Structure formats: C-alpha cells, structure tokens
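Subject: Structure handover

Hello,

Here is the structure we talked about. My notes follow below it.

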Amino acid sequence: MRKRHVMATAVTAGTLAALAAAPAQATEYSSALKVKGVQYDAPGRDSNRCDGGNTREEFLTIKNYSRTATVNLKGYVVKDATGNTFTFSANHYLQPGDYVKLRGGRGTDSDGGNVVYRQNCNFIWNNDKDTIYLYKPGGSRADVHSYTKSANDRDGNGYINYHG
C-alpha cells in the first residue's frame with residue numbers, strides 16, 4: 001500500500017516538475033504586447049560610437065496584437081540574458097495592431113514615427129545568441145524569445161521575426 005502512495009506522489013511531483021519546466025514561450029500569449037522581431041545584428045561593421053556608429057540600426061519591434069485595447073508602454077521593461085535593461089519611462093500608446101521600434105543610439109522618441117530610442121550607444125543584443133524578455137509594468141512576463149544566429153537566422157541578415 002505504501003509503495004503505491006509513494007509511486008503516485010512521485011508521478012504527481014514529476015508531472016508538476018515537468019509543468020514548471022515548460023518553456024517560457026508557453027505563457028507569452030497572455031499579453032497583448034509581444035516581441036514581433038529583432039534586428040539583433042546591425043548591418044555593417046559594429047560600431048557603438050554615438051557619432052557615426054550603427055547602434056541605431058539594432059532594434060526590437062514590439063507590437064500590440066490586441067484587436068480592441070490601446071496599451072501604454074510606460075513601465076514596460078525590455079531585458080536581455082545578461083541583465084541589460086531598458087524601461088519605457090514615458091507614455092507611448094500603441095493602438096490595436098500598432099508597433100514601436102526600440103532602437104539603440106540617441107534620438108527623439110516619436111509616437112507618429114513609431115520609434116523610441118534607448119539613449120545609449122551600446123549594443124544590447126548579442127550577435128551570436130541571446131534571450132529577449134518583455135515585462136509588464138507590474139513585473140509579470142509579457143513575452144520571451146531566445147535565439148541563436150545559426151538556428152534562427154536562416155538567411156543571415158541579422159533579423160529574426162516572431163509572431164508574424
């Protein structure tokens with residue numbers, strides 16, 4: 001009798017462990033905002049100089065996939081695998097189906113131009129592999145994607161598309 005109870009407990013614990021280890025992408029659809037794509041490798045030779053560099057050509061596209069809700073990006077956080085972080089500190093409203101490109105480098109944010117600049121001339125995404133995290137203002141995860149250049153960038157152009 002005791003063996004069956006122990007066996008059932010072990011199976012239940014194993015099932016719970018498997019569920020807890022499920023990939024993060026399994027919960028990404030609970031958010032209207034998702035990572036649409038990433039230009040992780042800026043065209044040309046990498047140069048993080050603020051004048052004449054190409055960090056502006058590295059960008060993350062975030063899209064509002066809701067059919068009805070407008071979403072304010074203020075308080076959303078983008079993070080990479082090593083902890084480099086960008087927080088949307090100003091109001092930036094995305095209408096249903098709208099998107100924003102979060103670019104490296106310095107520039108003027110524009111709702112009309114669908115662009116926000118990190119105001120930092122360092123690259124955030126690694127050219128070989130990385131993980132992109134998008135967090136809601138309250139801290140819960142909105143979306144996550146890991147990539148490797150060899151597995152996810154078949155045409156080698158430095159851009160990976162997610163969610164169509």
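Asparagine 114 is buried, at 13% relative accessibility (buried means under 20% relative accessible area, exposed over 50%, partly exposed in between; 1.4 Å probe, protein chains only). Its phi is positive, about 50°, although asparagine 114 is not a glycine. The residue sits in the loop between E7 and strand E8 (115-117) (strands are DSSP runs of E, at least two residues; helices are runs of H or I, at least four; both are numbered from the N terminus). Most residues other than glycine have a negative phi.

Glutamine 119 also has a positive phi, near 55°. It lies in the loop between E8 and E9 and is partly exposed, with a relative accessible area of 36%.

Two caveats on the source. This is a predicted model: local features need pLDDT of at least 70, side-chain atom pairs count only at pLDDT 80 or more, and totals for chains, interfaces and linings use all residues. Residues are numbered from 1 along each chain as its sequence is written, and side-chain values use heavy atoms, with hydrogens and water left out.

Salt bridges: the count is two (a side-chain nitrogen of Lys or Arg within 4 Å of a carboxyl oxygen of Asp or Glu).

- Aspartate 41 pairs with lysine 149; the closest N and O atoms are 3.8 Å apart. Aspartate 41 lies in the loop between E1 and E2 and lysine 149 in helix H2 (residues 149-152), so the pair ties together parts 108 residues apart in sequence. Aspartate 41 is buried at 17%; lysine 149 is partly exposed at 35%.
- Glutamate 58 meets arginine 118, at 3.8 Å from N to O. They are 60 residues apart, glutamate 58 in the loop between E1 and E2, arginine 118 in the loop between E8 and E9. Glutamate 58 is buried at 1%, and arginine 118 is buried at 13%.

Next, the core. The largest nonpolar core has 24 residues; Leu60, Phe88 and Trp125 touch the most other members (a core is a set of buried Ala, Val, Leu, Ile, Met, Phe, Trp, Tyr and Cys residues joined through side-chain atoms within 4.5 Å). E1 gives the most to this core, with three residues. Leaving aside neighbours within four places in sequence, phenylalanine 88 is in contact (heavy atoms within 4.5 Å) with residues including Ile62, Leu73, Tyr76 and Val116.

Last, the sheet. Four strands form an open antiparallel sheet, in the order E5-E4-E9-E10 (strands pair if DSSP finds at least two bridges between them). E5 (85-87) and E10 (141-148) stand at the edges with a single partner strand each, so one side of each has no neighbour in the sheet.

Best regards
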